[in-house]
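My notes follow in the order I took them.

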Amino acid sequence: MDYKKEYQKWLASAIVDEATKNELMSLDEEEIKFRFISYLAFGTGGLRGTMVAGTNAMNVYTVAHATQGFANLILKEGRADDGVVIAYDSRNNSPLFARTAASVLAANGIGVYLFDALRPTPELSFALRFLKCVAGINITASHNPKAYNGYKAYWEDGAQLPPEHAAVVSEEIGKLDIFNDIKTVDVDTAIADGRIRMISEEIDEAYLREVQAQAINPEAIRAVADDLHIVYTPLHGAGYRLVPEILARCGLKHLHPVVEQLQPNGDFPTVAKPNPEYPAVFKLGIDIANRVGSDLIIATDPDADRIGTMVRTGDTYSTITGNQMGVLLLDYVIKAKKATGTLP
């Protein structure tokens with residue numbers, strides 16, 4: 001890829017906005033090369049990159065480019081009428097990128113369901129199956145630093161794209177001119193005429209009912225609800241509303257949120273990296289846990305599909321690794337099923 005040619009193409013394009021052109025003209029040669037040496041690779045996990053101008057980054061042009069490739073796959077499969085669900089997390093530009101993706105899909109004659117506000121990735125996975133859609137998109141960079149954003153693509157089973165479908169999308173993207181081959185429509189117009197349908201609490205309620213139905217032994221929480229205290233932080237992300245809600249519905253009485261980290265904020269002002277696997281993100285939660293006497297602190301990442309925990313060990317708190325948590329959960333499942341007479 002001729003990065004200098006691609007750079008000049010962006011500067012000369014009537015489609016590229018002036019703010020983006022001004023950003024590009026401020027770059028030195030090394031930065032120009034980095035941003036235009038290639039396109040972001042589209043794989044089974046979709047896209048991920050820093051939010052700057054250029055082909056090797058996340059911006060409205062690369063998001064539209066990728067979505068046109070995704071739309072071509074859906075059209076090849078003859079599944080346009082089945083629709084696509086789009087969600088997004090708390091990161092900067094996530095709502096903008098979600099609307100960009102919705103614009104491209106609607107312009108291609110593909111039905112769109114667009115969440116009215118940020119939602120956890122697991123709810124996006126549920127929603128596309130609940131609505132019987134062919135695919136889903138979530139705009140998120142998971143637990144990466146604030147400079148990043150991403151594009152997670154899902155297929156009809158609720159899982160990320162299988163390799164063969166990701167390969168088709170990647171191939172289609174490679175055929176497309178990033179400016180001239182992209183179909184778009186005004187989002188507000190598409191909402192008004194029904195090509196884009198907004199979805200909201202009705203999906204939340206269906207999702208929460210299904211989550212609650214997964215409980216193996218509902219009495220377990222109620223038996224300890226008077227004494228069990230849990231500290232929770234969404235790390236400024238999408239878990240801020242539904243995680244406390246489902247815990248309350250399951251019977252938990254004493255949930256202590258980390259107030260400084262409760263509201264969504266794409267700058268993640270209280271942490272260097274919003275990764276719940278890092279002990280450093282629990283600092284504020286530990287202070288609360290010590291004050292209220294909690295033995296357990298839970299954190300979720302910005303799109304709330306990754307969880308981290310700390311437990312009291314004497315006078316300090318220690319993290320539980322993913323492997324340890326897997327063993328603990330398996331142990332609980334077996335014991336709970338034995339206790340309820342449901343063990344196969």
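**Entry 1: the cavity**

I began with the lining of the largest cavity, whose residues divide into 5 nonpolar, 3 polar and no charged. The model is predicted, and I kept that in mind throughout.

I then asked which residues line the largest cavity. They are Tyr39, Leu40, Leu47, Thr55, Thr62, His65, Ala66 and Ile173. Helix H4 gives the largest share of this lining, with 3 residues. The space in the largest cavity is about 70 Å³.

A reminder to myself on the method: rolling a probe the size of a water molecule over the atoms shows where empty space is left.

**Entry 2: the largest pocket**

Next I turned to the pockets. The largest pocket holds about 1600 Å³ of space. I noted 39 residues in its lining. Nearest its centre lie Ile221, Leu247, Ile298, Ile307 and Leu329.

Which elements give two or more residues to this lining? I wrote down helix H9 (201-213), helix H10 (219-224), helix H11 (242-249), E9, E10 and helix H13 (322-340). I also sorted the lining by residue class. It divides into 30 nonpolar, 5 polar and 4 charged residues.

**Entry 3: the second largest pocket**

The second largest pocket has a volume of about 250 Å³. It is lined by 15 residues. Val60, Ala64, Thr100, Ser103 and Thr184 are the closest to its centre.

Helix H4 (60-76) and helix H5 (94-107) each supply at least two residues of this lining. I checked which of the elements gives the most, and found H5 with 5 residues. The classes here are 11 nonpolar, 3 polar and 1 charged.

**Entry 4: a sheet of five strands**

I traced an open sheet of 5 strands next. Its order is E8-E7-E9-E10-E11, and the pairing is mixed.

I followed the link between E10 and E11 in detail. Strand E10 (residues 307-313) and E11 run antiparallel, joined by 4 bridges. Thr313 has Thr316 in E11 as its bridge partner.

What packs on this sheet? Helix H12 (residues 283-292) does, touching strand E7 (229-233), E8, strand E9 (296-300), E10 and E11. The direction of H12 makes about 165 degrees with that of E7.

**Entry 5: strands E2 and E3**

I moved to another strand pair. Strand E2 (residues 84-88) and E3 run parallel, with 3 bridges between them. Val84 has Val112 in E3 as its bridge partner.

Then I checked the two faces of strand E3 (residues 112-115), and both are covered. Val112 and Leu114 are buried on one side, and Tyr113 and Phe115 are buried on the other.

**Entry 6: single residues**

Thr20 sits in helix H2 (residues 18-25). Is Thr20 buried or exposed? Its relative accessibility is 11%, so Thr20 counts as buried. I left aside neighbours within four places in sequence and found Thr20 in contact with Trp10, Ala53 and Tyr61.

I then looked up two residues with a positive phi. Lys132 has a phi of about 60 degrees, although it is not a glycine. Lys132 lies in the loop between helix H6 (121-130) and strand E4 (135-139). It is exposed, with a relative accessible area of 67%.

Ser142 is not a glycine either, and its positive phi is about 55 degrees. I placed Ser142 in the loop between E4 and strand E5 (148-155). Ser142 is buried, at 5% relative accessible area, whereas Lys132 is exposed.

Key:
Residues are numbered from 1 along each chain as its sequence is written. This is a predicted model: local features need pLDDT of at least 70, side-chain atom pairs count only at pLDDT 80 or more; totals for chains, interfaces and linings use all residues. Side-chain values use heavy atoms; hydrogens and water are left out. Two strands pair if DSSP finds at least two bridges between them. Contact means heavy atoms within 4.5 Å. Axes are lines fitted to C-alpha atoms, for helices over the stretch in contact, and angles run from 0 to 180 degrees between N-to-C directions. On a 1 Å grid over the protein atoms alone, a cavity is a set of points where a 1.4 Å probe fits but cannot get out, and a pocket is an open set with protein on both sides within 12 Å along at least five of seven lines; lining residues have an atom within 4 Å of a point. Grid points are joined across faces, edges and corners, and a volume is the space filled by probe spheres set on the points. Ala, Val, Leu, Ile, Met, Phe, Trp, Tyr, Cys and Pro count as nonpolar, Asp, Glu, Lys and Arg as charged, and the others, Gly among them, as polar. Buried means under 20% relative accessible area, exposed over 50%, partly exposed in between (1.4 Å probe, protein chains only).
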